[in-house]
Amino acid sequence: VSNLEFRDKHEGADLDEVVSKEQKVAEEIHGTLISKNPPRLQDYEVETLFKPGFEIGGDHFEYFRVDDDHLGIMLLDTNVRGIPAALVMSATRSYVRAEAPGVLSPAEVLKSVNRHLAGELPAGRHVTALYVVLNQSDGSATIASAGHLPLLVYRHQAGKMAKVNPEGIAMGLDAGPVFDSSLQEGDIPMGLGDRIVLYTDGALRIQNAEGEEFGEQRFYGAVTAEAPKNSQAFVNFVGAAIDQFHLDVQQNDDITISTIKRLR
C-alpha cells in the first residue's frame, strides 16, 4: 500500500528511480559540507575516516580554529536520513561556524547551537554532538557531549583505553533550560603518544551476514590494537577491521571516526 501511495504521489514514477534521485541530491548536499582536509598541526596528528552509507545517515564532522592556539573538532549525527538529514546538518553546521570562533567552552557553543535548532527542527528530530577543544600549547582537551557516544582516550604509556562521557542530551529536544542544566564539560590531559577518538554509531551498528553487530567490544578492541600507529594508519586499519566484519553486506549508515594524537 505504501508503495502504491508513493507512486501516486510521484505521478507513477518507479520507486527505485525516485529513491535514487533523492539519494543523489542528499549525497551532493552532504558532499559540499564535509571538511576535505584535516588540519596539519605542529606536535599533533589529526585524521578522520568518513565512510558514507548507501543511505545518507546524517553524520558530519567539522574542524575549525577557535583561536590561534585552540582547535575545535566536532562530530554530529542526526536521527533522520536522506535529504532531511543533509538539510539538518547544513543548518547545524552554519550555527556551529557562527558560534564557535573565540569561545573556548565547548558546552557554551553547544548551548548556543541548541537554542537555534530547538526552534527549527520538527518534532522527533534531533542532533547529537561531541565537541572537543584542543589546547595546542599544553596538550589538554576540553569536551562536551550533547547525547553523543563516549569519547575514547588511549594512554600510550599504559597501553590502555578509557571512555569519557560527560552528561548531556541531544540538541533540538529542549529549547534551553533542560538542555543547559544537563550539559557538562570534561578536561582531558594528553601525554606524549596519547590519542583521543570520536566516532558515530555507524561504526558499532554495522552488521554481518548473520545480523550480528560489530559492537562496542570489537570496536574498542580495534581502537586499542591500532592506537600506537600514526593517525592515518590508525583510522584506515580500524576502518578495515569494520569492513572485514561485514564484508559483502551493504553499509546502510554513515561511519565516521576522528582522532587526534599527541606527538610531542
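## Second largest pocket

A pocket is an open set of points, on a 1 Å grid over the protein atoms alone, where a 1.4 Å probe fits and that has protein on both sides within 12 Å along at least five of seven lines; its lining residues have an atom within 4 Å of a point. The model is predicted, with local features requiring pLDDT of at least 70 and side-chain atom pairs pLDDT 80 or more, while totals for chains, interfaces and linings use all residues. Residues are numbered from 1 along each chain as its sequence is written, and side-chain values use heavy atoms, without hydrogens and water.

The lining of the second largest pocket consists of D77, T78, N79, R81, H126, T128, G147, H148, L149, D201 and R205. Of these residues, one is nonpolar, six are polar and four are charged, with Gly counted as polar and Asp, Glu, Lys and Arg as charged. The pocket holds about 180 Å³ of space, the volume being that filled by probe spheres set on the points.

## Helices α7 and α8

Helix α7 (residues 215-226) and helix α8 (residues 231-246) have axes that come within 9 Å and cross at roughly 145°, on a scale from 0 to 180 degrees between N-to-C directions. In the contact (heavy atoms within 4.5 Å), R218, F219, A222, V223 and E226 of α7 meet F234, F237, V238, A241, I242 and F245 of α8. Nine of the contact residues are nonpolar, none polar and two charged.

## Salt bridges

There are 12 salt bridges, each a side-chain nitrogen of Lys or Arg within 4 Å of a carboxyl oxygen of Asp or Glu. One of them joins D43 to R264, with the closest N and O atoms 3.0 Å apart. Because D43 lies in the loop between α2 (15-33) and β1 (44-51) and R264 in the segment after β10 (255-262), the pair ties together parts 221 residues apart in sequence.

Definitions and conventions: Helices (H or I, at least four residues) and strands (E, at least two) are DSSP runs, numbered from the N terminus.
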